[in-house]
Amino acid sequence: DRAPGKTPQKNCLFAVFPSKGVSVMSMRLFKSADRPSAAIQRAAAANGLSLFYVKYLGHVEVHESKGNVVVDYAIHQVRTEHKAKKKEGFRSTKVEFSITNNDIKVANRLSGELYLNIPIKQVSFCQDESKGNDIFAFIAKLDLRESSKCFVFKSDNQAAEVMTALGNAFAKATINKAMESKGRAPAASAWGSAPPSADSKERELAEMRRQLQMQQQEADRLRRQLEAKERGEASPQPRPQYQQQQQQ
């Protein structure tokens, strides 16, 4: 099951090490590893990436852009269809899942073909499955004129880490949006439209600060939950989820 995307591009190990050749042995290890090596993680971080190796299970169209029930049902649909295909010999596609402050990219780990390149502003909601720490999903629009789709992935018990990385990306995107809105005000008057009043701008910034604080608190909670799981402690926490305003 191939994720819908634009013209195929390369976005694989070569994107992390663009100026270095990669040996056959390195490529074999890269293609079979469940998680990026420490060297690849350091290189990804240096390039502003949060990088994960996951399996792409599929996607379904959804009629709402957020909500636990929406994601739960989408995951159920995808997993049911995936199990049926698995009985017929179908194998999940291994992909490289990378997150930056600007976008989410999903690339085939074997060929390097870029399946998805979604701006963060077009991602409206993300959540992991309530059972375990392997399944996660996000809702996004590939095109603002189309319906939302829910994309489902299976990780090597890293769903909480993915949620934290996405939460941090949402938080930084909120800051960037606030900075851009301040910079755009003079340009609006150049086209003959009145710039927003000081009160409306302050209310908008206050709301963005509130959302940012909530996202940071959730990211902190997820970090503590992840640390507790790594120590083997029980941590019955509410399910991690993030949402942001859909761009019109």
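On one side of H3, Arg42, Ala45 and Ala46 are exposed, exposed being over 50% relative accessible area, buried under 20% and partly exposed in between, with a 1.4 Å probe and protein chains only. Helix H3 covers residues 38-46, and its Ile40, Ala43 and Ala44 are buried. Viewed down the axis of H3, the buried residues fall within an arc of 100°, so they line one face of the helix; the arc is that of the directions from the helix axis to the C-beta atoms. Glycine 48 follows H3 and has a positive phi, near 75°.

A word on conventions: helices (H or I, at least four residues) and strands (E, at least two) are DSSP runs, numbered from the N terminus. This is a predicted model, in which local features need pLDDT of at least 70 and side-chain atom pairs count only at pLDDT 80 or more, while totals for chains, interfaces and linings use all residues. Residues are numbered from 1 along each chain as its sequence is written, and side-chain values use heavy atoms, with hydrogens and water left out.

## Aromatic pairs

Rings of Phe, Tyr and Trp (its six-membered ring) pair if their centres lie within 6.5 Å; planes under 30 degrees apart count as stacked, over 60 as edge-to-face and the rest as tilted. By this rule there are seven aromatic pairs. In one of them, the ring centres of phenylalanine 97 and phenylalanine 136 are 5.2 Å apart and the planes stand at 80°, so the pair is edge-to-face. This pair links distant parts of the chain, with phenylalanine 97 in strand S2 (residues 93-99) and phenylalanine 136 in strand S6 (residues 135-140), 39 residues apart.

Phenylalanine 97 counts as buried, at 0% relative accessibility, and phenylalanine 136 is buried at 0% as well. Ring pairs join Tyr56, Phe97, Phe136, Phe138, Phe151 and Phe153 into a cluster.

## Charges over rings

A charge sits over a ring if NZ of Lys or CZ of Arg is within 6 Å of the ring centre and within 35 degrees of the ring normal. Lysine 85 lies over the face of phenylalanine 90, 5.5 Å from the ring centre. Arginine 109 lies over the face of tyrosine 53, at 3.9 Å from the ring centre.

## The nonpolar cores

A nonpolar core is a set of buried Ala, Val, Leu, Ile, Met, Phe, Trp, Tyr and Cys residues joined through side-chain atoms within 4.5 Å. The largest nonpolar core has 27 residues, of which Phe97, Ile99, Ile104, Phe136, Phe138, Phe153 and Val162 touch the most other members. Strand S1 (50-62), S2, strand S3 (103-108), strand S4 (114-119), S5, S6, strand S7 (148-154) and helix H5 (159-190) each supply at least two residues of this core. H5 gives the most, with seven residues. Another core, of 14 residues, lies apart from it and includes Leu57, Val60, Ile139 and Val152.

Glutamate 129 sits in the loop between strand S5 (123-128) and S6 and counts as buried, at 16% relative accessibility. Leaving out residues up to four places away in sequence, glutamate 129 touches Ile75, Arg79, Asp134 and Ile135, contact meaning heavy atoms within 4.5 Å.

Asparagine 108 lies in strand S3 and is buried, with a relative accessible area of 11%. A polar atom of the asparagine 108 side chain lies 3.1 Å from the backbone nitrogen of serine 111.

Notes
Polar contact = N/O pair within 3.5 Å; in protein donor to acceptor, adjacent residues only side chain to side chain.
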